[in-house]
Amino acid sequence: MDMSALPISEREAASSVAEPWQVADGMLVADYATSNMVRGGEFVARIIDAAEDLNHHPDIDIRYSSVYLALMTHSVGALTELDVDLANAIGKIAAELGLT
């Protein structure tokens, strides 16, 4: 089994990601302010590229001025290193785009 798909504790996940990521209801979640839908779309397009690279895909809710993300490894039914890796990749993308 791929070691990155082994369950990790919520505490371990929370301590491995930066704001705005947090653990809620057994998932890593974040809400990024994007100021408008075009900026949100650009952000989501970059997230999709990162998700494809990791073969791990977030739940995405795009609104006019924000993007809400939720991560959990559905095949395991728990948080895994894959979730942490994707959350951190998304955090880097957000920083590059100047999003909070």
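**A walk from the sheet to the aromatic cluster**

Let's start with two strands: β1 and β2 (residues 27-33) pair in the antiparallel sense over 3 bridges. Strands here are DSSP runs of E with at least two residues, helices are runs of H or I with at least four, and both are numbered from the N terminus; two strands pair if DSSP finds at least two bridges between them. For example, glutamine 22 has valine 29 in β2 as its bridge partner. You are looking at a predicted model, in which local features need pLDDT of at least 70 and side-chain atom pairs count only at pLDDT 80 or more, while totals for chains, interfaces and linings use all residues. Residues are numbered from 1 along each chain as its sequence is written, and side-chain values use heavy atoms, with hydrogens and water left out.

Now step back to the whole sheet. Its 4 strands form an open, antiparallel sheet in the order β1-β2-β4-β3. At the edges are β1 (22-24) and β3 (59-62), each pairing on one side only.

Next come the helices. Helix α2 (residues 37-54) packs on the sheet and touches β2, β3 and β4 (66-71), where contact means heavy atoms within 4.5 Å. Helix α3 (residues 81-97) also packs on the sheet, touching β2 and β4. Among the buried residues of α3 are Leu82, Leu86, Ile90 and Ile93; buried means under 20% relative accessible area, exposed over 50% and partly exposed in between, with a 1.4 Å probe and protein chains only. An α-helix has 3.6 residues a turn, so residues three or four places apart point the same way. The buried residues of α3 pack against α1 (10-15), β2, α2 and β4.

Finally, look for the aromatic rings. How many aromatic pairs does a search of the whole structure find? There are 2. Rings of Phe, Tyr and Trp (its six-membered ring) pair if their centres lie within 6.5 Å; planes under 30 degrees apart count as stacked, over 60 as edge-to-face and the rest as tilted. Tryptophan 21 and tyrosine 32 make an edge-to-face pair, 6.4 Å centre to centre with 70° between the planes. Because tryptophan 21 lies in the loop between α1 and β1 and tyrosine 32 in strand β2, this pair ties together parts 11 residues apart in sequence. Tyrosine 32 and phenylalanine 43 have ring centres 5.2 Å apart and planes at 70°, so that pair is edge-to-face. Tyrosine 32 counts as buried at 2% relative accessibility, and phenylalanine 43 is buried at 0%. Together, Trp21, Tyr32 and Phe43 form one aromatic cluster.

How values were computed: Axes are lines fitted to C-alpha atoms, for helices over the stretch in contact, and angles run from 0 to 180 degrees between N-to-C directions.
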